[in-house]
Amino acid sequence: MPLSRRVGLAVAIAGSAVATTVLPFTAHAESTVLYVDQRATTCSDKGAGTQAQPFCTIQAAADVVEPGQTVRLPANRRFTGQVTVKRSGQPGKPIVFQGDTTYGAPNTTVNAAGEGSTGVHAFVLDGVHDVTVSGLSLGAPQEAVLVKDSTRIVLDRAYVSGGGAVADPGATANVRVTGTSSNVTVSRVRVFSPPVAGVAIDAGVTGAVVTTNIITDGPGRGVLVTDAPGTVVVGNTIAANCGNDLELAGNSAGAVVENNILTKRPAPRCGSTPTIAVPLVVSAGSVQGTKAGYNTVVGPGQASASYSWGGTSYATPEAFRATGQGAHDNAVDPGFGDDYDYQPVAAEGLTDAADPTAPGVPATDLFGREPADHPGIANTGPSGYRDRGALELQDSLSASLSGLPYSQASHPLNARFTVNYTASWAPGTATLDFGDGSTPLVVTPGQRFVDHDYPAAGSYTATLTATGQAGGVRKATATVLLNPVAQPWTQFWWSAGDRSRAQITVSAESVSPWPIARHVVDFGDGTAPVVSEGPNANPSITHEYGVGGSYTITSTVVDNHGRTASQTKTAGVGGPQAGVPFTGYFGGPTSHNGLFDNGTWALSYNKTDSRPGSTWGFGNPGDIPVVGNWDYTCQCQHAIYRPSTAAFDLSRRDGSISHVPFGNPGDLPAVGSWDRNGHDQVAVYRPSAATLWIRHDDGSYTPLHFGNPGDQPVVGDWDGVGHAQFGVFRPAANPWEPNLFIFRHDDGSYSTVTYGMPGDLPVVGDWSGTGRTSYGIYRPATHQFTLNNSYAGRPDNVYTIYNNIG
């Protein structure tokens with residue numbers, strides 16, 4: 001993940017040599033973990049530090065922690081105040097202060113200053129030994145981490161800033177190791193904006209290791225080692241600082257400087273004429289026994305040196321080799337750019353070009369990622385493969401897997417898996433283990449869906465394993481639950497294609513683990529049931545009644561194992577009437593119109609003179625048709641609003657009906673995507689008060705006053721913003737006046753348009769597939785729709801739905 005700038009963090013480690021203090025036994029030694037959580041209501045600094053009763057402060061835990069114990073600090077917490085560590089661990093049993101690195105970078109913060117604290121350092125380790133601080137973001141006014149007179153100390157997987165501004169008299173390093181400290185390791189730490197130095201190793205320190213850190217964007221040096229022989233500086237990325245990136249000063253002989261990326265891209269804070277610094281500086285007193293190699297050193301791009309060795313400057317790696325050092329050094333541009341993530345590009349001389357045998361090299365990079373061998377770049381290190389700098393370039397190998405029961409005829413225990421695996425370095429193989437003991441399937445590149453029949457009902461976890469050419473492995477799992485073979489299920493709907501005849505067609509939708517063998521419909525008029533059977537039993541059966549009226553219809557399906565399922569409904573068969581218009585998305589990119597007539601719906605898929613494309617029954621005379629998306633579907637679902645009882649009846653995707661009382665008698669429906677969460681919410685408009693009432697998913701409601709008494713509601717997406725906006729239709733008051741549409745926009749403004757004539761009914765929809773809602777009218781006197789297409793620059797649609805009107 002990209003590294004981000006953070007401010008105000010610091011750690012300090014200080015202590016005396018290895019003097020051992022015998023600590024009294026406490027009850028805390030009984031547990032290997034002490035917990036700290038200031039947000040816990042049960043926290044107490046006088047408690048036992050258990051998970052049930054954690055300490056409130058880190059200092060309380062630090063005062064009682066024993067060798068071998070870990071002080072656990074939770075994720076997403078910010079602690080204030082300086083932590084001073086006075087207790088030591090033992091060789092092989094260190095004391096550990098552990099934050100959280102679940103997301104690749106520390107998200108547990110310790111800040112010395114703020115909220116009443118006057119702390120100077122976030123962590124101070126003074127005169128202690130065998131202590132590890134890991135997984136923390138640390139901030140302080142001065143040194144972030146101060147280690148003094150201490151040994152076998154580890155600062156790892158941290159984010160550190162602090163140390164004061166460069167102009168401050170007290171400005172210092174972000175991390176300082178000082179006094180008689182020995183064997184101190186600073187590893188996998190992100191150090192931002194070093195004021196004088198990111199990491200300072202002071203005089204008298206021995207055996208320090210600075211490895212796999214990123215130290216950037218500061219006015220000072222990256223790493224400053226002064227009179228500290230035997231220091232190891234390996235595998236760091238030190239860039240964009242105004243001072244020298246890496247400097248061995250005084251007598252710091254016997255050092256190891258390998259695998260680093262040192263680059264002098266001037267940081268913005270250096271000003272228009274930044275001080276010309278040198279990436280690698282080794283003093284005359286530090287030359288003896290020091291080894292430098294496998295480094296990438298990119299100078300400032302001006303007439304200045306990339307190296308200073310024993311007081312002599314060298315402009316390039318090639319020139320530097322005259323010293324007998326710099327074997328395998330280069331000046332390959334790491335391509336950092338200005339995005340601050342400091343991940344080098346894939347390039348020979350950077351990728352697989354480090355010495356993996358150098359001292360201090362950890363097993364993983366700054367983000368905890370293992371080395372990966374790039375198959376397209378030759379390994380130029382002495383053995384194996386390791387990238388230069390603190391970050392390992394990774395193959396983007398990924399694997400994903402999802403699975404669902406996928407019952408099919410004759411395959412009731414089938415599951416379908418969606419598989420995907422990709423890699424920038426080209427994957428080698430991928431296998432799918434179905435989790436039922438069967439032979440894993442080799443998945444071919446580009447294969448998307450895999451079906452599998454399981455031997456019995458139950459829960460199974462499948463595993464997709466992808467292995468890249470570089471040896472990386474990614475796994476993904478998906479669990480499917482296969483229920484016992486279910487009973488058949490059916491529902492049906494009816495439609496009257498030509499309402500001038502008392503004829504309907506019953507269409508059944510059925511589900512069974514085995515094929516449907518028979519469909520029987522009793523039309524409820526005393527005639528013999530109609531049977532369709534065989535391997536291709538027809539799900540749709542047409543019947544003509546002698547006279548129109550109300551009939552109770554029963555549809556029954558039988559699967560080839562003799563199991564049955566039935567549903568009964570009442571259908572009304574009547575003569576044509578003018579109807580009430582409705583609009584919605586019923587498939588395709590544009591809105592469709594239809595007419596509702598005393599419980600019968602007739603839908604036209606064309607915007608030209610035509611017969612209805614589909615009809616069905618739902619509702620009673622006097623109901624108002626409503627169209628919306630109740631179940632997160634891509635197409636509209638029908639409903640009715642009954643003004644007499646102020647209630648909605650919503651037809652759901654599974655065939656059920658949701659009864660939703662809302663509003664007062666006489667209100668008008670105004671359904672729309674008011675919560676903007678992928679489905680519609682019910683609402684009503686009260687013409688007497690010119691007020692819209694929206695019912696939200698959580699049961700609350702919101703009023704909106706808009707329009708005048710007597711207006712009618714319209715709901716659409718007037719601005720093409722992807723959610724509902726409100727408006728009103730004001731019928732013409734006089735024969736010579738036009739109708740008026742008034743559209744309300746998200747910023748509270750409104751626009752108006754005149755359209756139609758007295759007696760028209762409003763319709764709104766996206767007639768042209770522009771993504772914006774337009775307007776139109778239905779004229780009952782002539783049974784004609786007129787739809788405005790000015791948004792799309794097209795002529796209006798004018799058409800009639802035949803054989804659905806009187």
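Predicted model: local features only at pLDDT ≥ 70, side-chain atom pairs only at ≥ 80, totals over all residues.
Residues are numbered from 1 along each chain as its sequence is written. Local features need pLDDT of at least 70 and side-chain atom pairs count only at pLDDT 80 or more, whereas totals for chains, interfaces and linings use all residues.

Strands (DSSP runs of E, at least two residues, numbered from the N terminus) are paired if DSSP finds at least two bridges between them. Five bridges join β58 (residues 740-744) to β59 in the antiparallel sense, and Phe743 has Ser751 in β59 as its bridge partner.

A pocket is an open set of points on a 1 Å grid over the protein atoms alone, where a 1.4 Å probe fits, with protein on both sides within 12 Å along at least five of seven lines; lining residues have an atom within 4 Å of a point. The largest pocket holds about 1300 Å³ of space, a volume being the space filled by probe spheres set on the points. It is lined by 45 residues, of which Thr583, Val627, Val671, Val715 and Val764 are the closest to its centre. Strand β56 supplies at least two residues of this lining, as do β44 (580-584), β48 (624-628), β52 (668-669) and β60 (761-765).

The second largest pocket holds about 910 Å³. Among its 27 lining residues, Gln491, Trp493, His638, Ser651 and Arg652 are the closest to its centre.

Note on methods: Heavy atoms only, no water. Helix = DSSP H or I, 4+ residues; strand = E, 2+ residues; numbered from the N terminus.
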